[in-house]
Amino acid sequence: MALGSAIVDRLGLVDPPTLAATGLVPGTMTLIDGQEAERLWSVAGGALVAGGSAANTCAGAAALGGSVAFVGRVGDDDLGRSFADDLALVGVSFRAPPAVAGAPTARCVIFVTPDGERTMRTFLGAAPLLDVDCVDESLVAGVGFVYLEGYLWDGPAAAPALHRAIDAGRAGGSRVALSLSDPGCVERHRDDFAALLRAGSVDLVFGNESEVTELTGETSFEAAAAAMAELVPMAALTRGPAGSVVVRGGESWAVPAAPVDRVVDTTGAGDLYAAGFMVGAVRGLDPDGCARLGGLAAADVISALGARPHGDIRAAARQAGLLP
């Protein structure tokens, strides 16, 4: 099960001049207010889909045959209802706490240029209002993983909820996984993340090169990976086209990226990698197999527009010998 920001995404393909005209910096993710969200929402066009990093991971895990629940907060509005309906369609149980009066459902506008680069602007709305009353301790006990989205630390009330989920999960025999989410998120919450890891509260960390160098303060990926091996029992570190590296104690596994004919949209690549990796771990794969399953899921999602699986990734995983 996962706790994350419940966000409705609107994805639109744009050319570089159109993106430049919006005044946005390509390849960045920035938080915006409701007024700016309304302006960009009309510019982007495109389809609506239940998004947010952890929700994308849940959709990927469900597509691989996992039994998945998502906890997040939406507003009492049409977007909130569409979020719930969309997750149900892909087989994810949405455990929604009561909506907060006056707080609209979060939304993210994603502009994708022909090179596959994504530029995101996010209005958080009700998403960071997740609090301790939203966490059903019986739900997080005894699951394969309790997956925590780093972005939630931006919410004033979310940190206590995440700590409750960690404590209840670990008490019930669940493993805890943390996504570092974004370099800016790590910069804002470096001390909180580091304290969690040093306390032994997290079993598995997901992060890319920029995020782990930001967290550890190291200047090279190799040094950051070595530092992560000292901080957490296992870390799965993604490197884009270079694949991923998994570190566990004194061991490491370098796994190449799965082949892709054409990169269309990198949105959700890390989210789907985490989905594949955790499903592999629950199924008993070794770290190399987990990373390969994660890479297979990531390769599928970047081959088309959107942050959800596009092909039958479960069948592909079976063909590759990664799932029964």
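**Sheets, packed helices and nonpolar cores**

In this predicted model, strand E2 (residues 7-13) is paired with E4 in the antiparallel sense through four bridges, and Ile-7 has Gly-51 as its bridge partner in E4. Both strands belong to an open sheet of five strands with mixed pairing, arranged in the order E3-E8-E7-E2-E4, in which strand E3 (29-31) and strand E4 (48-51) are the edge strands, each pairing on one side only. On average, and with direction ignored, neighbouring strands of this sheet are turned by 25 degrees against each other. Helix H2 (residues 34-44) packs on the sheet, where it touches E2, E4, strand E7 (106-112) and strand E8 (118-123), and its direction makes about 45 degrees with that of E7.

A further open sheet, also of mixed pairing, is formed by nine strands in the order E6-E5-E1-E9-E10-E11-E12-E13-E14, with strand E6 (92-95) and strand E14 (251-255) at its edges. Within this sheet, strand E12 (residues 234-238) and strand E13 (residues 244-248) run antiparallel and are joined by four bridges; Leu-237 has Val-245 as its bridge partner in E13. Helix H9 (residues 221-231) packs on the sheet in contact with strand E11 (204-208), E12 and E13, its direction making about 35 degrees with that of E13, whereas helix H3 (residues 53-63) lies across strand E1 (2-3), strand E5 (68-71), E6 and strand E9 (145-149), running at about 170 degrees to E5.

The largest nonpolar core comprises 59 residues, of which Phe-70, Phe-83, Phe-206 and Phe-277 touch the most other members. Helix H10 (residues 269-282) supplies the largest share of this core, eight residues. Another core, of 52 residues, lies apart from it and includes Met-1, Val-71, Cys-108 and Ala-235.

Conventions
Residues numbered from 1 in each chain as written. Predicted model: local features only at pLDDT ≥ 70, side-chain atom pairs only at ≥ 80, totals over all residues. Heavy atoms only, no water. Core = buried A, V, L, I, M, F, W, Y, C linked by side-chain atoms within 4.5 Å. Buried < 20%, exposed > 50% of the residue type's maximum accessible area, 1.4 Å probe, protein only. Helix = DSSP H or I, 4+ residues; strand = E, 2+ residues; numbered from the N terminus. Pairing = 2+ DSSP bridges. Contact = heavy atoms within 4.5 Å. Axes fitted to C-alpha atoms, helices over the stretch in contact; angles between N-to-C directions.
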